[in-house]
Amino acid sequence: MIAHRRWIAAPLAALVLVVLVIGLAACSNDDDNGDTPDAPADDAGGMQVNDAWVRATVPQMADDGSGELAGDDAMDSDMAMASGQTTGAFMTLANHSDTDERLIAASVPANVATTVEIHETTLDENDVMRMRPVDGVIVPADGNLVLKPGAFHIMLLDVQQDLNAGDTVPLTLTFESGLTLDVMADVRPLE
Amino acid sequence: MTMRRREVFALAVVIVAALAGCGSEPGESGPTATPLPGTVLDPPKDVADFTLTDQRGESFTLSELRGKAVLLFFGYTNCPDVCPTTLSEFKRVKQELGDDADRVAFVFVSVDGARDTPERLAAYVGAFDPSFIGLTGDDVSIRSIAQDYGVFFQRQTYANDANYLVDHTASTFVVGPEGRLRVVIRYGTDPTIVALRVRAVL
């Protein structure tokens with residue numbers, strides 16, 4: 001009787017295992033929505049960049065086109081608004097080499113933004129969001145680094161022009177090893 | 001035979017448990033420190049009414065929304081990641097709510113009154129949903145509202161004066177139709193769950 005029970009239990013246990021594995025696989029199919037990689041874009045020295053994008057800037061108020069000299073106050077506020085505009089650039093870096101690469105800088109043409117930095121966003125246990133510049137970030141050997149909202153990302157500061165969905169921003173990435181990589185990032189809607 | 005039936009029952013229990021585990025898995029990349037998605041305040045917290053300037057440049061008082069549930073998020077328009085992400089999720093919450101969305105208001109309160117003018121808020125909030133309300137004001141007003149809701153914010157200047165960032169609480173605050181704070185929901189919570197939380201206070 002007992003032997004008979006064991007005989008039934010073993011295949012059942014296997015079945016349970018299979019069901020669990022399938023169940024868990026189904027669970028994890030939802031990470032990183034919207035991050036489906038496009039065709040591999042930029043590749044150099046074993047480093048590949050996929051799915052590079054920049055968030056559109058907040059549309060500036062339409063210029064009234066009068067060209068009229070505004071008062072000092074208005075001028076100042078216009079300038080402050082233009083110079084304070086920031087946005088983020090995001091992508092997946094895939095390091096196919098067997099050595100770590102450290103991303104230490106990024107740049108864009110000066111007419112896009114005058115300052116570009118690598119930042120990290122963190123959320124603490126009280127749900128407070130903090131963002132800080134970092135000296136660099138490692139793309140592990142045979143591994144990926146995802147630059148994404150809420151984590152490491154590239155910040156464009158002092159953005160000089162409206163970046164609208166459909167535009168393309170050329171980015172140059174510099175690694176500690178001396179490797180540089182040119183990337184074309186699509187501008188995606190603010191939302 | 002009875003034994004076999006018991007085994008089948010056990011298998012069914014395991015499957016149900018596995019699926020239940022699936023449901024509570026917050027699929028997104030957000031933090032998952034709290035076991036429950038959202039903190040329900042029981043009893044609800046009394047919060048002071050406040051008046052700020054909306055994206056049309058007009059004075060706006062929170063109690064104008066009495067009778068509606070209000071989702072409040074504190075952020076700033078130069079915020080590159082968590083603020084636009086949350087406003088995008090608000091759009092999805094609104095979709096999830098369907099007809100009930102008529103009884104819900106979505107409000108973005110700026111913690112960066114110096115840069116977030118009504119015009120800028122109009123462009124920003126309008127890019128997500130024209131029905132969303134954007135509010136801004138002077139630092140003292142924002143500070144006292146933030147304190148009331150338990151919101152932290154602090155300006156971080158590091159490169160030059162124009163390029164400061166603002167650290168801030170990224171939670172969503174749900175005010176009930178009666179005007180009291182009912183639920184606090186962590187950043188990154190699935191919009192479906194947020195919608196359920198909101199429906200529960202309607």
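Tutor: B:Arg66 sits in the loop that connects strand 3 (59-61) and strand 4 (69-75) of chain B. The model is predicted, and the values that follow are computed from it. Once neighbours within four places in sequence are set aside, B:Arg66 is in contact with B:Pro177, B:Glu178 and B:Gly179. B:Gly98 is 32 residues from B:Arg66 in sequence, and the C-alpha atoms of the two are 20 Å apart in space.

Salt bridges come next. Side chains of opposite charge can pair when their charged atoms come close. Over all chains, the structure holds 16 salt bridges. One of them, in chain B, is between the side chains of B:Arg56 and B:Asp54, at 2.6 Å from N to O. B:Arg56 counts as exposed at 58% relative accessibility, whereas B:Asp54 is buried, with a relative accessible area of 2%.

B:Asp100 and B:Arg199 also meet through their side chains in a salt bridge, again given as 2.6 Å, N to O. This pair links distant parts of the chain, 99 residues apart: B:Asp100 is in the loop between helix 2 (82-97) and strand 5 (104-110) of chain B, and B:Arg199 is in helix 5 (residues 191-201) of chain B. B:Arg199 is partly exposed, at a relative accessible area of 35%. Elsewhere, A:Asp124, A:Arg130, A:Arg132 and B:Asp167 are joined into one network by salt bridges that share partners.

A:Arg132 is partly exposed, with a relative accessible area of 32%, while B:Asp167 counts as buried at 0% relative accessibility.

Now the backbone. Most residues other than glycine have a negative phi, and most peptide bonds are trans. A:Asp127 is not a glycine, yet its phi is positive, at about 70°. A:Asp127 is placed in the loop between strand 5 (113-123) and strand 6 (128-133) of chain A, and at 1% relative accessibility it counts as buried. A:Asp158, also not a glycine, has a positive phi of about 55°. A:Asp158 is located in strand 9 (residues 152-159) of chain A and is buried, with a relative accessible area of 10%. In chain B, the peptide bond that joins B:Asp42 and B:Pro43 is cis, with omega about 5°. B:Pro43 is part of strand 1 (residues 39-46) of chain B.

Strand 2 (residues 47-55) of chain A is mostly covered, with nine of its nine residues buried. Strand 2 of chain A runs antiparallel to strand 3 (residues 87-95) of chain A, and six bridges join them. A:Val49 has A:Leu93 as its bridge partner in strand 3 of chain A. With strand 11 (residues 180-188) of chain A, strand 2 of chain A pairs in the parallel sense over three bridges. There, A:Asp186 in strand 11 of chain A is the bridge partner of A:Trp53.

Notes:
Residues are numbered from 1 along each chain as its sequence is written. Chains are lettered from A and ligands numbered from 1 in the order in which they are written. This is a predicted model: local features need pLDDT of at least 70, side-chain atom pairs count only at pLDDT 80 or more; totals for chains, interfaces and linings use all residues. Side-chain values use heavy atoms; hydrogens and water are left out. Buried means under 20% relative accessible area, exposed over 50%, partly exposed in between (1.4 Å probe, protein chains only). Helices (H or I, at least four residues) and strands (E, at least two) are DSSP runs, numbered from the N terminus. Two strands pair if DSSP finds at least two bridges between them. Contact means heavy atoms within 4.5 Å. A salt bridge is a side-chain nitrogen of Lys or Arg within 4 Å of a carboxyl oxygen of Asp or Glu.
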